Amino acid sequence: MTVTHTSIEKPSLDIASVVNRRAAGHSLEAPFYTSQEIYELDLDVIFGRHWFFCATEAEIPEAGDYVTVNVGPHSVIIVRDDDEEIRAFRNVCRHRGARLLDQGCGSVGNIVCPYHQWTYRTDGSLVFAEYQPSTFDREQFGLRPVHVRTVGGLVFFCLSDEPPSDFDEFSRFVEPYLLPYDLRTAKVAHQTDIVERGNWKLVMENNRECHHCDVSHPELLTAYFPFNRHSEEDVPPRMRPLYERYKAAEAALTATRTAAGFPQEERRELDSRPTGFQLFHLPLDGAGASLGKGGEQVCKKLLGSITDPKFGDLSLHMQPNAWFHFLSDHAVVFWVQPLSPGETLVRTTWLVHPDAVEGVDYDVDALTAVWKATNDQDRALVEATQCGVANPGYVPGPYSTVEDDVEAFVNWYVKRIRSSLG
Ligand code: FES
Ligand code: FE
């Protein structure tokens with residue numbers, strides 16, 4: 001018997017309708033997490049037109065050191081040139097378009113195309129191209145630059161020819177907070193890449209709330225309090241004693257930072273600007289120093305000009321794709337790279353003082369234990385949510401009172417998608 005299948009053509013998604021019927025205060029509809037069309041729109045509108053974090057300066061400490069960053073069809077080289085400036089270029093040869101650098105990171109004298117060996121200096125200028133006519137003007141064929149900026153040792157780029165101009169204000173506000181940590185000279189102690197089977201927005205949404213921390217992150221809670229955006233009324237009776245301890249730790253941290261002359265102002269501009277961000281202070285539990293057992297230090301050498309190990313956690317959240325924790329003895333940097341509608345790479349980098357010696361001043365397992373465990377727990381939560389939102393039974397649900405940063409992320413995102421659709 002021959003069975004014939006009648007193909008049913010899938011109607012293309014009406015993105016404008018899905019965006020316009022978005023219910024405020026609720027999670028997004030399924031296509032935002034599952035549709036190839038919306039994923040491609042995200043790459044264009046969000047990652048193609050905004051500043052986003054891509055590396056730390058510590059990853060490219062010497063002239064010629066580079067990382068490559070791939071976002072959808074785009075590939076960008078971030079390289080420290082011979083004058084030690086950080087530059088960014090399209091990872092495309094100006095001859096016939098071959099990809100220049102295929103590795104995720106490395107070190108070069110010049111950038112040499114593997115195809116016909118056109119050769120570029122690390123400032124992007126073309127220095128060698130064989131068999132060209134005498135009229136050939138090498139100056140016309142340098143690598144195509146990409147806008148790149150650094151803020152206190154963090155590297156950002158923007159693929160647009162006209163990047164959002166509010167980055168200057170972000171930079172002016174945030175840099176004074178980062179300078180005491182001296183991340184520009186820090187050392188990469190460890191880096192991990194994990195691929196989560198979930199849409200990049202689910203990864204970000206999960207990062208933007210600590211509603212789940214109490215139950216899901218036992219290791220994290222040896223150092224952190226499970227409160228973020230919780231007002232006193234939000235705290236259930238069972239957690240009142242812990243909340244009291246949190247408020248006491250917060251007051252002590254304010255006193256310590258004030259005495260050290262550290263800037264105190266917090267800022268939350270997550271959805272009101274193209275370069276949305278939030279900068280805030282987090283007290284730590286236990287010994288209050290870092291993420292070791294009982295809140296003890298995990299690296300003997302403190303970062304930059306920090307002298308008091310009990311210096312809490314300075315946290316930075318950035319739209320669309322990054323979050324950071326700066327502690328007295330190390331920094332942890334996270335960023336998210338979309339790979340497909342249902343897959344996201346999460347890169348985590350641990351930075352320590354440049355003179356800190358592995359095995360003497362710090363142990364990699366102890367340094368990374370809390371966030372490795374937490375990342376894995378978050379991965380499972382994101383993957384469970386991806387399965388759920390892909391289920392035809394899913395309908396968007398309401399945010400709780402402690403998920404306003406999730407809503408701010410989603411509002412920032414929807415606003416940008418909506419305006420791109422006119
Ligand atoms: Fe690069 Fe020919 S494509 S040298
Ligand atoms: Fe989490």
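Predicted model: local features only at pLDDT ≥ 70, side-chain atom pairs only at ≥ 80, totals over all residues.
Two residues are in contact when their C-beta atoms, placed from the backbone, lie within 7 Å.

**Entry 1**

I began with how the chain is divided. Domain 1 covers 52-149, while domain 2 is made of 169-390 + 399-420. Taken over C-alpha atoms, the centres of domain 1 and domain 2 are separated by 32 Å. I then looked up the contacts and found 9 residues of domain 1 touching 15 residues of domain 2. Which element gives the most to the side of domain 1 that touches domain 2? It is β1, with 4 residues. I sorted that side of domain 1 by class as well: 5 residues are nonpolar, 3 are charged and 1 is polar.

**Entry 1: the sheet with β1**

A reminder to myself: strands of a sheet pair through backbone hydrogen bonds, in either a parallel or an antiparallel way. Here, β1 and β10 (residues 154-158) run antiparallel and are joined by 4 bridges.

**Entry 2: the annotated stretch**

Next I checked the record. The unreviewed UniProt entry carries the annotation "domain: Rieske" over residues 51-157. I looked up the make-up of residues 51-157 and got 40% strand and 0% helix. How many Å apart are the end C-alpha atoms of this stretch? They are 5 Å apart.

**Entry 3: a look at G25**

Last, I went to G25, which sits in the loop between α1 (15-20) and α2 (31-34). I wanted to know why G25 counts as partly exposed. The reason is its 13 C-beta neighbours inside 10 Å, because a residue is exposed at 12 or fewer and buried at 20 or more.

Leaving aside residues up to four places away in sequence, G25 touches P398, Y399 and E407. I also took the distance from G25 to I417, 392 residues apart along the chain: their C-alpha atoms are separated by 17 Å.

Notes
Residues numbered from 1 in each chain as written. Chains lettered and ligands numbered in written order. Helix = DSSP H or I, 4+ residues; strand = E, 2+ residues; numbered from the N terminus. Pairing = 2+ DSSP bridges. Domains from an automatic or database assignment. Nonpolar A, V, L, I, M, F, W, Y, C, P; charged D, E, K, R; others polar. UniProt positions renumbered as here; feature names shortened; annotations may be inferred.
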